[in-house]
Amino acid sequence: MMEVNFDGLLGPTHHFGGLSAGNLASLSHRHHRSSPRRAALEGLDKMKLVAELGVPQAIFPPQRRPHLQFLREQGFSGEPRLVVDAVARRRPELLSVAYSASSMWAANAATVSPSADTLDGRIHWTPANLISMPHRKIEAEQTTKLLREIFSEERFFVVHDPLPDQAKYSDEGAANQTRLCRQYEQRGVELFVYGRSGDDTTVSENRFPARQTRQASELIAKRHGLSPDWTLFAQQSRRAINAGVFHNDVIAVGNASVHLVHEHAFVDQAAVLRQLERRFAGDLRTLVITDQELSLEEAVRTYFFNSQLLTTTAGSMTLVCPLECERSQAAQQVIERLLREDNPIVDCKFVDVRQSMHNGGGPACLRLRVVMTPDEFAALPRAIIWTPQLHQRLQVWIETHYRDELSIADLADPDLVDEVGNAFDELGRILGNKRLLP
Ligand code: SUG
């Protein structure tokens, strides 16, 4: 069994829309100039690093943008260039939503349960409905089609519909789910973390919204056929959400039997950790980072917990941290302590994914991972598996088709419609399958 990382390839319209309330990086970079080319190359380099560490790596292609159906639903009609031109004159704020490259954050694409955990022994996927933000909600339909194309082998995979489009079932995918297990092949505990109850309709004085509902997490666990004995639900602490922790993967990361977590991640944290540990009868390594070591603010600024925790050789793990951690004394000290102490983490690598980071997406946001058997892995289309050859072709493609700079005003340029259209057509040819770009 192996853990496969599926990374979202960053799309050619990556920009800083300032679209995400509660996501401090997105808000503070609102309307800054972006570099789609640099963004995509950074993402590609991260995939290379992970693949070279020996962890299987695959890609999710970006979604076609602009999302014309979204603009048409707002009352605009005609040819794509005309639609964009009219929107730019009458409702320019819609362009940022329609052009968002947010599908790059694959950790929000779906929640996934590996076959060792599910009743029918298949891998279950629920695409996230992402209804809390308009620019993310438009991802769900294309994501569902993409997952059904990639995971089409019904012997191994089940791709469910997204949860109902209702506030009660607000779902943000695997960013709010942590799977812990002794060995990958053994049944694991799936920890689902939610921000609020879907029945809670009070307009609170809270600084930021809670995105995931408890009902969404519970319904997913049920659909996936998870055993209640191996499923746990925990609520994010309000303190964390108000410090900018809009998903649980901004404050905790787990892999196999290691759970790295900030002390203020959950409501009633001691009880949550106790329940987890009870299921492992002493085999779980819970590594709690105190606020004194790394304050919530510094955790959000550096995205330390959004590191990827990867099993690189039997029993040993490597942390793949954002570059911002290397430049933070507090994060550095935490890393040094973890490497020094007796636990499976033996190495740390830093990656520069700053273009994504400036929108609130670190290394772990860019990937959706799932434990797979060799047979399940063999059932994936080869076109999406990272290889040095694919890397090379994608690099040339990015260098040819992506702008070095993109400003908010550039989204009004009708030429951008054709430019990104050509880029997507070419990507379809590289992957050899148009259905991978639904
Ligand atoms: O949903 N940012 C994303 C970042 C998602 C990070 N994912 C995880 N933590 N797993 C979000 O807030 C900003 C887009 C903009 O402002 O242009 C954005 O959507």
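This is a predicted model: local features need pLDDT of at least 70, side-chain atom pairs count only at pLDDT 80 or more; totals for chains, interfaces and linings use all residues.

Author: A residue counts as buried under 20% relative accessible area, as exposed over 50%, and as partly exposed in between.

Reader: Why is D268 called exposed rather than buried?

Author: The relative accessibility of D268 is 58%, and the cut-off for exposed is over 50%, so D268 counts as exposed. This residue is placed in the loop between β10 (258-262) and α10, and its phi is positive, about 55 degrees, although D268 is not a glycine.

Reader: What makes Q269 buried?

Author: Its relative accessible area is 10%, which is to be set against the limit of under 20%, and Q269 is therefore classed as buried. Q269 belongs to helix α10, which covers residues 269-280. When neighbours within four places in sequence are left aside, the residues in contact with Q269 are V261, H262, E263 and H264.

Reader: Which backbone atom does the side chain of Q269 reach, and why does the pair fall within the limit for a polar contact?

Author: The side chain of Q269 reaches the backbone nitrogen of F266 at 2.9 Å; the limit for a pair of N or O atoms is 3.5 Å, so a separation of 2.9 Å falls within it.

Reader: How do you know that T13 is buried, and what does its side chain reach?

Author: T13 has a relative accessible area of 3%, and because buried means under 20%, T13 is buried. Its side chain reaches the backbone oxygen of Y99 at 2.6 Å. T13 lies in the loop between β1 and α1, and, beyond its neighbours within four places in sequence, T13 is in contact with R65, Y99, S100, A101, L406 and V420.

Reader: What makes G22 buried, and which residues are in contact with it?

Author: G22 has a relative accessibility of 2%, and the limit is under 20%, so G22 counts as buried. This glycine is found in the loop between β1 (2-8) and α1 (24-28). Apart from its neighbours within four places in sequence, G22 is in contact with L27, F208, P209, G244 and F246. The C-alpha atoms of G22 and R211 are separated by 9.5 Å, while the two residues are 189 residues apart along the chain.

Reader: Which peptide bond is cis, and what is its omega?

Author: The cis peptide bond joins R65 and P66, with omega about 5 degrees. P66 is in the loop between β2 (57-60) and α3 (68-73).

Reader: Why are α16 and α17 called roughly antiparallel?

Author: The axes of α16 (residues 388-401) and α17 (residues 414-431) cross at roughly 165 degrees and come within 11 Å. Angles over 145 degrees count as roughly antiparallel, and α16 and α17 are therefore given that label. The crossing of α16 past α17 is right-handed. In this contact, L390, R393, L394, W397 and H401 of α16 meet N422, A423, E426, L427, I430 and L431 of α17. Sorted by class, the residues are 7 nonpolar, 2 polar and 2 charged.

Notes:
Residues are numbered from 1 along each chain as its sequence is written. Side-chain values use heavy atoms; hydrogens and water are left out. Axes are lines fitted to C-alpha atoms, for helices over the stretch in contact, and angles run from 0 to 180 degrees between N-to-C directions. Helices (H or I, at least four residues) and strands (E, at least two) are DSSP runs, numbered from the N terminus. Angles under 35 degrees count as roughly parallel, over 145 as roughly antiparallel, 65 to 115 as roughly perpendicular and the rest as oblique. A crossing is left-handed if the near helix is turned anticlockwise from the far one by less than a right angle, and right-handed if clockwise. Contact means heavy atoms within 4.5 Å. Ala, Val, Leu, Ile, Met, Phe, Trp, Tyr, Cys and Pro count as nonpolar, Asp, Glu, Lys and Arg as charged, and the others, Gly among them, as polar. Buried means under 20% relative accessible area, exposed over 50%, partly exposed in between (1.4 Å probe, protein chains only). A polar contact is a pair of N or O atoms within 3.5 Å; within protein, one must be able to donate a hydrogen and the other to accept it, and residues adjacent in sequence count only if both atoms are side-chain atoms.
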